[in-house]
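This briefing is meant to be read with the structure open alongside it.

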Amino acid sequence: MSKILHLSDVHVHAPLRLLEHHDFASKRLAGAVNLALRRSKLFTQIPAQLAALAKLAKAQQVDAVLCTGDYTSLGSSEEMSEARELMQVLIEASPRFITMPGNHDVYTFRAIKERRFEQAFGEFLVSDTAPGAGRQSYPLLRHLDPNCSVVVLNSAIAHRAFWRSDGFISEDQLKALDTLLDQPEMQKRFIVVATHYAPYKKNGKLDTPRHGLGNADALMAILKAKLIQGMLVHGHIHHRYFLPREQVGIPIFCCGSSTHQGREGIWLYDIKDQQCQAYGGHWNGEDYILESNAHIAS
């Protein structure tokens with residue numbers, strides 16, 4: 001039996017005056033203006049919320065905390081350092097911390113060149129065992145117990161155009177995922193596939209080309225064919241929702257944003273006997289409250 005606390009899209013933001021001059025160049029300028037005018041007002045309780053999530057993780061005795069990216073707003077070094085510091089309380093709240101970057105964490109090519117995300121969270125980008133995978137090589141594979149594993153895919157990429165925020169999973173990752181799911185040992189396990197981007201919106205339709213996962217069809221083709229027992233979990237879209245296997249071929253859980261004012265969402269996954277009972281949660285201003293009714297994924 002394994003329990004996973006899933007959060008996403010924390011969006012730590014540093015005061016604009018602290019950003020270096022190059023952080024205002026090209027696409028970052030548009031993002032900075034948007035942040036100053038709107039986004040910073042929507043993420044005002046992050047430290048208290050992360051502390052409350054750590055409290056919940058300890059109370060539920062979770063086996064892993066999973067964050068599906070977007071720790072920052074602009075991907076700056078200042079934001080990344082603050083995000084890493086703020087996440088420490090959650091990292092210490094469970095035996096395992098599992099993660100990958102979101103698009104805001106690799107907001108510009110400079111963030112990728114300087115490996116800001118890897119500098120902050122690289123110690124958690126590890127695999128237990130996986131074909132061709134090692135430290136900071138995707139897909140990552142984490143075994144939670146003899147019957148449950150998490151497979152981590154990186155779908156976050158940078159764009160020069162500020163109006164694009166779509167993602168893509170590399171062909172190498174998809175091939176490795178296909179090989180991994182073919183292994184007899186993996187076919188006996190309940191597999192949680194985790195990435196940042198959503199293949200589908202809440203209505204079960206593909207997201208827009210400028211915002212969605214560019215090769216969602218390729219990912220879903222593999223999962224529908226080979227994910228015998230398991231589910232896909234993600235963030236990126238700031239609304240929590242669940243898509244059942246009957247609707248889209250496999251169970252899909254979107255965490256939404258765990259800190260976006262008025263939309264705060266989390267999931268608690270209780271996995272046993274090759275089945276997951278998923279409890280959604282919301283923020284009441286002081287704590288995260290879990291819903292009593294569970295969605296079932298198998």
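Helix 2 (residues 46–60) packs with helix 3 (residues 77–91) at an angle of about 20 degrees, their axes lying 8 Å apart. Helix 2 is therefore roughly parallel to helix 3, since angles under 35 degrees count as roughly parallel. The model discussed here is a predicted one, and the values that follow are computed from it.

**Helix 2 with helix 3**

- Where helix 2 passes helix 3, the crossing is right-handed.
- On the side of helix 2 the contact is made by Ile46, Pro47, Leu50, Ala51, Leu53 and Ala54, while helix 3 brings Leu86, Met87, Val89 and Leu90 to it.
- The residues of this contact of helix 2 with helix 3 comprise ten nonpolar ones, with no polar and no charged residues.

**Helix 6 with helix 8**

- Helix 6 (residues 171–182) and helix 8 (residues 216–226) pack at an angle of about 5 degrees, and their axes are 10 Å apart.
- With angles under 35 degrees counted as roughly parallel, helix 6 and helix 8 are therefore roughly parallel to each other.
- Helix 6 makes the contact through Leu174, Leu177, Asp178, Leu181 and Asp182, and helix 8 makes it through Ala218, Leu219, Ile222, Leu223 and Lys226.
- In the contact of helix 6 with helix 8, seven residues are nonpolar, none is polar and three are charged.

**The chain as a whole**

- The secondary structure of the protein chain amounts to nine helices and 13 strands.
- For 298 residues a compact globule would have a radius of gyration near 19 Å, and the 18 Å of the protein chain agrees with that.
- Taken along the principal axes, the box filled by the C-alpha atoms of the protein chain is roughly 55 × 40 × 35 Å.
- Of the 298 residues in the protein chain, 56% are buried.
- When contacts in the protein chain are counted between residues at least 6 apart in sequence, 70% of them join residues at least 24 apart.

**The loop between strand 3 and helix 4**

- His104 is found in the loop that runs between strand 3 (97–99) and helix 4 (109–113), and Asn103 lies in the loop between strand 3 and helix 4 as well.
- His104 has a relative accessible area of 13% and is buried, because buried means under 20%.
- Leaving aside residues up to four places away in sequence, His104 touches His11, Arg39, Asp70, Thr72, Ser73, Leu74 and Gly75.
- Asn103 counts as buried at 6% relative accessibility, and, again not counting residues up to four places away in sequence, Asn103 touches Asp70, Ala156, Ile157, Ser165, His196, Tyr197 and His236.
- Asn103 and Tyr71 are 32 residues apart in sequence, and their C-alpha atoms are 9.5 Å apart in space.

- Gln45 lies in the loop between helix 1 (26–37) and helix 2, and at 32% relative accessibility Gln45 counts as partly exposed.
- Although Gln45 and Thr259 are 214 residues apart in sequence, the two are 7.3 Å apart in space, C-alpha to C-alpha.
- Gln45 touches Trp283 and Gly285, with residues up to four places away in sequence not counted.

**Backbone details to check in the loops**

- The peptide bond that runs from Tyr138 to Pro139 is cis, with omega near 0 degrees, and Pro139 is found in the loop between helix 5 (116–121) and strand 4 (140–145).
- Arg115 is a residue other than glycine with a positive phi, near 50 degrees, and its place is in the loop between helix 4 and helix 5.
- With a relative accessibility of 38%, Arg115 counts as partly exposed.
- Asp273 is not a glycine either, yet Asp273 has a positive phi of about 55 degrees, and Asp273 sits in the loop between strand 10 (266–272) and strand 11 (275–283).
- Asp273 counts as exposed at 74% relative accessibility, because exposed means over 50%.

How values were computed:
Residues are numbered from 1 along each chain as its sequence is written. This is a predicted model: local features need pLDDT of at least 70, side-chain atom pairs count only at pLDDT 80 or more; totals for chains, interfaces and linings use all residues. Side-chain values use heavy atoms; hydrogens and water are left out. Axes are lines fitted to C-alpha atoms, for helices over the stretch in contact, and angles run from 0 to 180 degrees between N-to-C directions. Helices (H or I, at least four residues) and strands (E, at least two) are DSSP runs, numbered from the N terminus. Angles under 35 degrees count as roughly parallel, over 145 as roughly antiparallel, 65 to 115 as roughly perpendicular and the rest as oblique. A crossing is left-handed if the near helix is turned anticlockwise from the far one by less than a right angle, and right-handed if clockwise. Contact means heavy atoms within 4.5 Å. Ala, Val, Leu, Ile, Met, Phe, Trp, Tyr, Cys and Pro count as nonpolar, Asp, Glu, Lys and Arg as charged, and the others, Gly among them, as polar. The radius of gyration is taken over C-alpha atoms; the globule rule is 2.2 Å times the number of residues to the power 0.38. Buried means under 20% relative accessible area, exposed over 50%, partly exposed in between (1.4 Å probe, protein chains only).
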